[in-house]
Amino acid sequence: MTPEEVRLQQDQERTAYWKRWGPYLSERQWGTVREDYSPDGSAWDYFPHDQARSRAYRWGEDGIAGISDSRQRLCFAIALWNGNDPILKERLFGVTGTEGNHGEDVKEYYFYLDNTPTHAYMKCLYKYPQQAFPYTRLVEENRHRSRLDPEFELLDTGVFAENKYFDVFVEYAKAEPEDILIQVTITNRGPEAHSLHLLPTLWFRNIWDWNLEIEKPFIKVAQSDKQLSVVEADHPTLQTRWLYCEGNPELLFTDNETNYQRLFGVRNESTYVKDGINNYVVNGQQDAVNPDRIGTKLAARYQLSLASGETKTIRLRLSDQQTLVEPLGPNFDQIFQTRTSEAEEFYQRICPHPMSEDERNIQRQAFAGLLWSKQYYNYVVHDWLNGDPAQPPPPSGRKEGRNHEWTNLFSEDILSMPDKWEYPWFAAWDLAFHLIPLAVIDPDFAKLQLDRLTREWYMQPNGQLPAYEWAFGDVNPPVQAWAALRIYQIEQKFYGRTDRKFLERVFHKLLLNFTWWVNRKDIGGKNVFQGGFLGLDNIGVFDRSKELPTGGYLNQADGTSWMGMYCLNMLAIALELAEKDDTYEDIASKFFEHFLYIADAIDGIGDAEIALWNQEDGFYYDALRMPDGHQFPLKLRSMVGLIPLFAVTVIEPATLERFPGFKKRMAWFICNRPELKNNVACMETPGVGARRLLAIVYGTKLRQLLQRMLDESEFLSPHGIRALSKVHQEHPYILHQGEHDYCVRYEPAESTTGLFGGNSNWRGPIWFPVNYLIIEALWRFHEYLGDSFKVECPTGSGQNMTLREVAIMLSHRLVAIFSQGESGRRPVYGNLEVFQSNPNWRNWILFHEYFHGDNGAGLGASHQTGWTGLIAALILQNVEHRAKEDQHGDI
């Protein structure tokens with residue numbers, strides 16, 4: 001094993017806690033549901049950015065390039081001041097949902113450059129302007145722009161003109177699990193000399209203001225001379241830590257407590273408050289910091305002057321060892337060199353195949369983003385609803401408002417976030433996609449994530465999984481069984497281990513969730529499902545998660561297909577578990593039969609009242625069921641109609657032979673249910689290698705659907721599969737109902753509607769999660785159909801491809817979004833010239849939430865390395881295909 005794998009094993013066996021410290025700080029704690037105690041639930045307005053420097057958080061902490069312990073008792077991050085800003089740069093800034101013309105959006109430039117699963121080595125970059133940060137201008141300009149206008153970004157303000165900024169690189173290297181070396185390297189990219197105040201900051205999360213029984217911790221000076229300054233941090237439940245600071249910086253102390261005077265005009269309960277260091281440095285308020293040099297928040301102030309192009313490095317060390325000999329001496333550099341080389345060795349082990357420098361750079365930063373996006377997530381809904389002993393009670397209406405039905409939810413875990421600024425909370429279906437690339441580098445962490453989500457302190461007693469913080473009761477696609485099976489398979493492939501106990505544990509919890517779906521989301525009991533927006537936000541004619549303006553309800557092609565996929569994933573898991581326990585054969589039979597009912601119903605055979613498959617158009621549509629019982633299809637060609645492709649699995653002949661009980665029940669069902677024969681004909685007909693296939697889409701339907709999907713005038717973009725057919729650009733879909741018209745038009749970039757999500761546009765852009773599932777489905781179909789089955793690709797080109805070739809083509813198009821290509825330009829950055837040509841920008845990658853349907857430019861959240869982190873897995877697949885052209889090297 002590589003040294004990093006040895007550390008992973010030690011952490012897993014609890015012989016050394018390498019993961020106790022990591023990048024667990026949020027990048028935005030303000031403006032979240034957890035911190036919202038308003039009567040009306042207006043989180044963004046109740047706790048805005050302007051209050052964040054002065055107001056103690058209840059549930060977590062945020063910072064720039066920060067770390068904390070796994071219970072977030074002690075935190076470390078950097079703060080900066082360029083001498084011009086009105087406030088210290090202690091946290092990242094962005095506009096909220098009520099301020100941005102396309103919803104909330106971070107207005108900063110920062111990049112995750114490297115990380116390893118144990119966080120033994122981490123590196124990131126923050127770009128800090130030398131001019132005053134344009135907080136007010138960013139808000140005002142975005143606020144007055146319409147949805148038809150582009151977002152106003154930090155680059156648009158001109159503060160980076162003439163390269164007048166600092167590159168601030170922050171690196172961490174662990175000598176031991178509790179001994180962390182910190183290196184901050186600052187380069188002046190501007191044409192003139194400029195000063196910078198660097199304030200590495202250490203503080204305790206405030207838990208004492210909410211509960212009078214909590215003992216207050218403290219930080220104090222332990223040593224201060226010209227060569228070295230040391231502070232001691234004491235906490236009742238955390239071992240004492242020492243922060244060693246290079247040289248003799250000014251040590252500034254205050255308390256992490258609310259400045260009530262500034263915020264509410266009332267007397268402060270503490271003499272020294274959260275923004276005390278800010279007030280001392282920026283405003284020159286001498287009495288804002290504690291002259292006794294003790295408190296719960298400490299900043300070591302370095303006043304640096306850098307000539308044009310000059311680089312300076314400050315070194316620190318956060319350790320559980322008090323008497324380190326030369327803590328910042330020659331061994332410091334050696335440890336960094338060792339950890340960086342070990343990171344190289346680890347990632348070379350993960351992907352040993354030949355790769356271009358650009359591919360390796362993209363993949364490495366994707367993995368880094370996934371690991372940097374871990375966050376301490378604390379949200380105890382019961383306490384949030386009822387309030388804390390030492391605080392006023394929340395408004396009475398809260399107990400009937402947001403998440404009031406989720407009093408069982410008790411989260412205090414390290415979780416993978418979609419984006420630590422824009423989405424600093426877990427999301428159930430996002431998380432499933434994060435776990436695919438995470439399983440490649442840290443299967444134990446991936447398994448833990450899925451285990452947590454399905455435990456009783458997350459899952460409701462009725463079996464529903466929590467969707468996300470803004471509304472736990474919303475419904476996300478049920479992809480957890482797929483994720484569990486893929487994690488199991490990935491660990492087996494890369495590490496030679498089969499964790500059957502994990503698979504079985506999650507399987508039993510998902511049985512509860514599956515039952516919840518069947519009981520709650522099949523209104524008519526006819527195996528045709530609803531589910532609401534199902535993660536696709538504003539893809540529909542109207543908000544599918546709310547009461548329809550027409551009355552009635554939608555029978556959803558995607559909801560029904562997700563359930564078909566769920567059945568097949570549970571079937572596959574049951575057969576895997578049956579290897580050791582034949583009672584699972586019965587459960588496999590149950591899911592086999594349930595899938596057949598769903599496949600039957602979506603085509604309007606069986607008991608269904610309407611087919612969701614439209615033979616004339618060769619496409620699947622949602623059907624609107626009116627209050628009088630009348631139903632009709634909503635002929636909108638969207639991703640909703642492609643999701644039936646995901647419900648596909650291949651069964652090897654050896655599998656059927658190993659499970660005679662399952663094989664016998666399957667044969668009986670096929671023989672005795674002739675009305676279902678259409679949908680199980682493929683199970684009777686052996687494919688390549690005598691394989692059998694279960695799929696919603698098959699035969700003529702498969703060809704028709706792929707013809708639509710691979711048409712460049714519809715779904716096929718140079719950069720993947722669009723979420724909405726481009727045909728609706730010139731021919732928008734319009735539903736006439738009474739006096740109202742409901743219109744959907746192809747929109748390749750930002751959304752022009754506020755139907756559901758602010759900037760979450762599913763009306764044309766390219767989204768990685770569904771593209772990844774399309775590629776995976778094509779591989780499954782190819783396993784059964786083989787090279788003899790070809791389709792025209794692109795449609796109308798006269799060029800025929802196998803489904804394997806189509807899958808590889810789509811994968812290449814997705815990877816090309818980030819690649820420099822022959823032109824040397826990355827589509828993800830569109831016309832942003834500084835990203836395309838400036839050597840200090842062009843190789844840093846942002847992994848956006850979604851991408852322009854026509855040119856591939858990045859849109860939405862800029863650090864969605866959550867599900868867009870799937871790019872790391874796609875690159876791995878691509879290089880495996882190149883290395884072994886005669887094998888299907890998918891992970």
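Visitor: Let me start with one residue. Is V744 buried or exposed?
Guide: V744 is buried, with a relative accessibility of 0%. Keep in mind that this is a predicted model.

Visitor: Which strand is V744 in?
Guide: V744 sits in strand β30, which covers residues 740-744.

Visitor: And what is V744 in contact with?
Guide: Leave aside the neighbours within four places in sequence. Then V744 is in contact with I539, G540, V541, L636, L724, H728, P732, Y733 and R763.

Visitor: R763 is on that list. How far apart are V744 and R763?
Guide: Their C-alpha atoms are 7.7 Å apart in space. In sequence, V744 and R763 are 19 residues apart.

Visitor: OK, zoom out. How many helices and strands does the chain have?
Guide: The chain has 24 helices and 34 strands. Its radius of gyration is 28 Å, close to the 29 Å that the globule rule gives for 891 residues, so the chain is as compact as a globular protein of that length.

Visitor: What box do the C-alpha atoms fill?
Guide: Roughly 85 × 65 × 55 Å, taken along the principal axes.

Visitor: How much of the chain is buried?
Guide: Buried residues make up 65% of the 891 residues.

Visitor: And the accessible surface, what does that come to?
Guide: About 30700 Å² for the chain. Carbon and sulfur atoms account for 47% of that surface.

Visitor: What does L316 touch?
Guide: Residues up to four places away in sequence are not counted here. L316 touches I180, L181, I182, V184, P200, L243, Y244, C245, L328 and F332.

Visitor: How far is L316 from Y172?
Guide: Their C-alpha atoms are separated by 9.6 Å. Along the chain, L316 and Y172 are 144 residues apart.

Visitor: Now the loops. Where is E192?
Guide: E192 is in the loop between β9 (179-188) and β10 (194-204). At 54% relative accessibility, E192 counts as exposed.

Visitor: Which residues does E192 touch?
Guide: E192 touches L306 and S308, with residues up to four places away in sequence not counted.

Visitor: And how far is E192 from K509?
Guide: The two C-alpha atoms are separated by 61 Å. E192 and K509 are 317 residues apart along the chain.

Visitor: What about S396, buried or exposed?
Guide: S396 counts as exposed, at 69% relative accessibility. Its place is in the loop between α9 (381-386) and β19 (410-416). S396 and L385 are 9.1 Å apart, C-alpha to C-alpha, and 11 residues apart in sequence.

Visitor: Change of topic. How many disulfides are there?
Guide: A search of the whole structure finds zero.

Visitor: Remind me, what is a disulfide?
Guide: A covalent bond between the sulfur atoms of two cysteines.

Visitor: What kind of peptide bond joins C793 and P794?
Guide: A cis one, with omega of about -10 degrees. P794 is in the loop between β31 (790-792) and β32 (800-802).

Visitor: What about the backbone angle phi? What is its value for R293?
Guide: Phi of R293 is near 55 degrees, a positive value in a residue other than glycine. R293 is in the loop between α6 (276-283) and β15 (294-295). R293 counts as partly exposed, at 34% relative accessibility.

Visitor: And phi of D537?
Guide: D537 has a positive phi of about 45 degrees, although it is not a glycine. D537 is in the loop between α13 (500-520) and β20 (553-555).

Visitor: Last one. Why does D537 count as buried?
Guide: Because its relative accessible area is 10%, and buried means under 20%.

Technical notes. Residues are numbered from 1 along each chain as its sequence is written. This is a predicted model: local features need pLDDT of at least 70, side-chain atom pairs count only at pLDDT 80 or more; totals for chains, interfaces and linings use all residues. Side-chain values use heavy atoms; hydrogens and water are left out. Helices (H or I, at least four residues) and strands (E, at least two) are DSSP runs, numbered from the N terminus. The radius of gyration is taken over C-alpha atoms; the globule rule is 2.2 Å times the number of residues to the power 0.38. Buried means under 20% relative accessible area, exposed over 50%, partly exposed in between (1.4 Å probe, protein chains only). Accessible areas come from the Shrake-Rupley method with a 1.4 Å probe; for residues, only the protein chains shown count as cover. Contact means heavy atoms within 4.5 Å. A disulfide is a pair of cysteine sulfur atoms within 2.5 Å.
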